Amino acid sequence: EYLHKNTQKSIYLMSQPINDISLLKTLHSKGITEVAFNIEMFDMKLAKQIMPGKAMKNNLFEYYDSLKKAVSVWGNTGNVRSVILLGFDDLKQFSIGIRQLCELGVFPILSLFRPCSGTKLENYISLDEEETLDLLLDEGIEVIDIEKEGEETIVYGMPMEELQEKA
């Protein structure tokens, strides 16, 4: 609340799913301007292997429920987001998941997975950027923006038909 009143800067909350609508409303009224509950991958079996703590604590229903409630508080103008890692889900599951997020009014942030050396996934072969962009376009996902943060590439996208509706 202090930051919001004294700086007028946006305050972005990234957390585990919050299913309590009254808490979401309180956060909004206290100055939180944007929220994210990051699903990261739609394949929950794979998620339990790669990120067991997170996957065991929350399931997709909890994420979708929290995101839907957050959209009811912050609206569907891009202030409710979820990061999805590109390179884990099969293309059909990925496409369905992105469309479901967009139907809820959630702005998906697509982050191309890049394994770090010295980790269990260091030999995981991730998609390259061109291949990823081609796959997205083939699935009808329009790339809105691409940001580079060091070695990480973040792709912002949504289904083409939704973009046409907003135009």
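Let me start in helix H5, residues 60-74, with Asp65 and Lys69: the two sit four residues apart, so about one helical turn separates them. Helices here are DSSP runs of H or I with at least four residues, strands are runs of E with at least two, and both are numbered from the N terminus. The side chains of Asp65 and Lys69 form a salt bridge, 3.2 Å from N to O. By salt bridge I mean a side-chain nitrogen of Lys or Arg within 4 Å of a carboxyl oxygen of Asp or Glu. Side chains of opposite charge can pair when their charged atoms come close.

This is a predicted model, in which local features need pLDDT of at least 70 and side-chain atom pairs count only at pLDDT 80 or more, while totals for chains, interfaces and linings use all residues. Residues are numbered from 1 along each chain as its sequence is written, and side-chain values use heavy atoms, with hydrogens and water left out.

The cut-offs are under 20% relative accessible area for buried, over 50% for exposed, and partly exposed in between, with a 1.4 Å probe and protein chains only.

How many salt bridges are there by this rule? The count is two. The other pair I want to show is Arg81 with Glu34, where the closest N and O atoms are 2.7 Å apart. This pair links distant parts of the chain, with Arg81 in strand E3 (residues 80-86) and Glu34 in strand E2 (residues 34-36), 47 residues apart. Both Arg81 and Glu34 are buried; Glu34 is classed that way because its relative accessibility is 14%. Beyond its neighbours within four places in sequence, Glu34 is in contact with Ser10, Ile11, Tyr12, Leu13, Trp74, Asn79 and Arg81. Contact means heavy atoms within 4.5 Å.

Now strand E3 itself. Seven of its seven residues are buried, so E3 is largely enclosed by the rest of the structure. In a regular strand the side chains alternate between the two faces of the sheet. In E3 both faces are covered: Val80, Ser82, Ile84 and Leu86 are buried on one side, and Arg81, Val83 and Leu85 on the other.

Which strands does E3 pair with? E2 and E3 run parallel and are joined by two bridges, with Val35 opposite Val80. Pairing here requires DSSP to find at least two bridges between the strands. E3 also runs parallel to strand E4, residues 107-112, through six bridges, and there Val83 stands opposite Ile109. From E3 the chain crosses through helix H6, residues 91-104, to E4, and this β-α-β crossover is right-handed. That is, with the strands pointing away from the viewer, the path from the first strand over the helix to the second runs clockwise.

Next, the core. The largest nonpolar core has 34 residues, and those touching the most other members are Ile39, Phe42, Trp74, Val80, Ile84 and Leu101. A nonpolar core is a set of buried Ala, Val, Leu, Ile, Met, Phe, Trp, Tyr and Cys residues joined through side-chain atoms within 4.5 Å. At least two residues of this core come from each of helix H2 (21-29), helix H3 (44-50), H5, E3, H6 and E4. H5 supplies the largest share, eight residues.

Ile39 has contacts outside its four-place sequence neighbourhood that include Leu60, Tyr63, Tyr64, Leu67, Ser82, Val83, Ile84 and Leu101. The next residue I want to mention is Glu40, in the loop between E2 and H3. Its phi is near 70°, a positive value in a residue other than glycine.

Back in H5, there is Ala70. Ala70 counts as buried because its relative accessibility is 0%. Not counting residues up to four places away in sequence, Ala70 touches Leu24, Val35, Phe37, Gly75 and Val80. Ala70 and Ile21 are 49 residues apart in sequence, yet their C-alpha atoms are 7.6 Å apart in space.

Last, the whole chain. It has eight helices and six strands, in the order α-β-α-β-α-α-α-β-α-β-α-β-β-α. Of its 167 residues, 41% are buried. Among contacts between residues at least 6 apart in sequence, 58% join residues at least 24 apart.
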